Amino acid sequence: MTALLSVKNLTVEFTTRDGIAPVIDDLSFDLAPGETLSLVGESGCGKSMTALAIMGLIPSPPGRVASGSISLAGENLLQASETRMRAVRGNEISMVFQEPMTSLNPVFTVGEQIGETLRRHQGLTRRQAKALSIEMLDAVQIPLPARRINDYPHQLSGGMRQRVMIAIALACRPKVLIADEPTTALDVTVQAQIFDLMRAVGKETEAAIILITHDMGSVAEMAERVVVMYAGRKIEEGYVDDILTRPRHPYTRGLIACVPHLLETVSAERPYLQEIPGMVPPLSDFGFMGCLFAPRCDRVETLCWQEKPKVTQITPSQSAACWNLQDAKVRVDA
Amino acid sequence: MQFLAITLKRCGLGLGLLLAVLVLNFLLMHLAPGDVADTIAQDAGGLDAEVMAQIRKDYGLDLPLWEQMLKYFYNVAQLDLGYSFYYNQPVTTLILEKLPATLLLIISAQVVSILVGVVLGVIAARKPNGIASHFVTILSLVGYAAPVFWTGIMLIILFASMIPLFPIGNMVDVSVERTGFAYMIDVLHHLVLPMLTLASIFIALYSRLARASMLDVLGSDYVRTAQAKGLSEFQVVFKHALRNALLPVVTTAGLVFSGIVSGAVLVETVFSWPGLGTLAVQAIVARDTPTILGILFFSSLVVVVANLLTDMVYRIIDPRIKTAETSEI
């Protein structure tokens, strides 16, 4: 498997009042062409920051990429010029954000906002861009696209706006689409539609997708592989099937147990909804040498407080960073 | 079409407002004790009751109040604002003579302060902790705190006396006869200092406002989207951010227009600019009621028109307002 996008030993630091905090700590993962990879974790785990790092949009100051590399088809984006990065953004790598209500500019029509990307990257004329924008609106299943193109964002519902965002992101047929919690702000029924759409349009344009989410349910539905992040570190990685059935890290197990399920009776296998006690540590604790999950972990040992967990390669495709790995035989019913 | 309908509606409202101003003006005029007959009697050193009654009859002052009011409205509708005994001229002629100078001053000050203020605000917002940003903060603090007449006098000392780049006052150089283009240049030359004086306070206001609103907009999700599209820095700032950041500036610009008219009075006095302000001061000193009321009427006209324009500009910049109004009509 040759990687399309390869993130290696990426460290992003933020300067805070308490000193320098690594919001992303030695993160590595690969994305294969056409693959859907999911980054999972709670809020504040560095998922969105990873996305912004790939886009070259880390807010600076206070943030900066301290070390590592991000290569797209062999080209290290961290060393690319700003001009080159502008040619990459929206063209080779594009992004859909979490808040469709505020991610579109209220003073421009959706047609203008889609067409602008096309004109910028594909050198199309206004007329060509408009025609293609209508096609894109049609592709994201917005009815009457030729009329809708003259609408302003406030005239559209949240789901419609997210479709427009996807149309903008996919207009230039990017190699990589990063979707940062694309359905978190939407109704459940609309979520399913957006996922279907992303799958269909993603397949059509052959874009590899990085889906950022905190919801293991979305992961199960969308992704092929998953990277679980906690406090800026990758703690487990593997195929979705393996991770969902045999999670080896206690945090992954906790995330899966958090997914609500519809069952008539509460059984031994499916007890009441579980929670992970505590919360993600504050940024100032991110540099801590031990395991950052230790304060919340039910399998914590003395070693966990002293040393950063070593990555264990469990199978060729699955790895986890934990001193006290969950027994593979313990299955979690997802 | 909608735009036209809304504009017409706004014009109607503006007319209503002007009518209200007229009613107030008229009542104010009659609240004050004494009338023209008393004034004439005073000037003449006393008149007998018969003559005074005759004068009242001549001026229609013996009619019931409502009839006088209708007559007054009828006259105003024909742009007849009465007669100034102090200047011995119809008030309308007097005002129309001075109005262009004032309009030139306040409109140029407004345009310059919006342009300069917004540019300074944008520069400051790009690097909120940079030197430029601190400079803008200090400039606006000083500009806002300094009284207009003080700024005016300081500018005169600096640029008319110490470094004589500009004339110290008046609108034209009366010692030389100029026409056409040369005349325009001369007026512009005279305009610089008073315009800058009047603009200083508004530059302060707009730059602070533009800085704050630009900072806000630059942190918004849609600006991040614009960046993620790979647009150039210029497009992100001036296309996507600025248009949104302008909204509060436009609102304020409309609101301060009433203030700018009264601010112009001070500036005109300092620079002996032959505008409405100078006229108003003289009329107040001379207790020339018709002239004062006429000026009041014209300045409310200016404010109403300015607000109409603000409203239209707002509608052009922000599409959300157009539809919000549509559902109402």
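**Figure 1. Confidence of the predicted model along chain B.** Over residues 324–329 of chain B the pLDDT stays under 50, and for this stretch the model has three contacts beyond four places in sequence. The structure shown here and in every other view is a predicted model. Chain B as a whole averages a pLDDT of 83, and 96% of its residues score at least 70. For the model, the scores are ipTM 0.83 and pTM 0.78.

**Figure 2. Overall build of chain B.** The secondary structure of chain B amounts to 13 helices and two strands. Chain B has 329 residues, of which 34% count as buried. Among the contacts in chain B with a separation of 6 or more, 72% are made by residues 24 or more positions apart.

**Figure 3. The two domains of chain B and the contact between them.** The domain assignment divides chain B into domain 1, covering 2–86, and domain 2, covering 92–321. Taken over C-alpha atoms, the centres of domain 1 and domain 2 of chain B are separated by 33 Å. To their contact, domain 1 of chain B contributes 18 residues and domain 2 of chain B contributes 18 residues. On the side of domain 1 that touches domain 2, α1 (2–31) and β1 (83–84) of chain B each supply at least two residues. The largest share of this side, 11 residues, comes from α1(B). By class, the side of domain 1 of chain B that touches domain 2 comprises 11 nonpolar, five polar and two charged residues.

**Figure 4. The interface between chain A and chain B.** In this view, 26 residues of chain A are in contact with 20 residues of chain B. The elements of chain A that give two or more residues to the side touching chain B are α2 (82–88), β6 (93–96), α3 (100–103) and α4 (110–122). Of these, α4(A) gives the most, with four residues. The side of chain A that touches chain B has 11 nonpolar, 10 polar and five charged residues.

**Figure 5. The eight-stranded sheet of chain A.** Eight strands of chain A form an open sheet with mixed pairing, in the order β6-β7-β8-β3-β9-β10-β12-β11. Its edge strands are β6 and β11 (311–313) of chain A, each of which pairs on one side only. On average, and with direction ignored, neighbouring strands of this sheet are turned by 20° against each other. The edge strand β6(A) is also among the elements that give two or more residues to the side of chain A touching chain B.

**Figure 6. Strand β3 of chain A and its two partners.** Strand β3 (residues 36–40) of chain A pairs with strand β9 (residues 225–230) of chain A in the parallel sense over four bridges. Within this pair, Leu37(A) stands opposite Arg225(A) in β9(A), and Val40(A) stands opposite Val228(A) in β9(A). β3(A) also pairs in the parallel sense with strand β8 (residues 208–213) of chain A, over five bridges. There, Leu39(A) stands opposite Ile212(A) in β8(A). β3(A) is mostly covered, with five of its five residues buried. Both faces are covered: Thr36(A), Ser38(A) and Val40(A) are buried on one side, and Leu37(A) and Leu39(A) are buried on the other.

**Figure 7. The four-stranded sheet of chain A and the helix across it.** Four strands of chain A form an open sheet in the order β2-β1-β4-β5, with antiparallel pairing. The edge strands of this sheet are β2 and β5 (75–76) of chain A, each pairing on one side only. Helix α1 (residues 47–55) of chain A lies across β1, β2 and β4 of chain A and runs at about 75° to β2(A).

Figure 8. Strand β1 (residues 5–16) and strand β2 (residues 19–31) of chain A pair in the antiparallel sense over nine bridges. A hairpin joins β1(A) to β2(A) through two residues. Across this pair, Leu10(A) stands opposite Leu27(A) in β2(A). Strand β4 (residues 63–72) of chain A runs antiparallel to β5(A), and two bridges join them. Here Ser71(A) stands opposite Asn76(A) in β5(A).

Note on methods. Residues numbered from 1 in each chain as written. Chains lettered and ligands numbered in written order. Predicted model: local features only at pLDDT ≥ 70, side-chain atom pairs only at ≥ 80, totals over all residues. Pairing = 2+ DSSP bridges. pLDDT = per-residue confidence, 0-100. Contact = placed C-beta atoms within 7 Å. Domains from an automatic or database assignment. Nonpolar A, V, L, I, M, F, W, Y, C, P; charged D, E, K, R; others polar. Axes fitted to C-alpha atoms, helices over the stretch in contact; angles between N-to-C directions. Buried ≥ 20, exposed ≤ 12 C-beta atoms within 10 Å, placed from the backbone.
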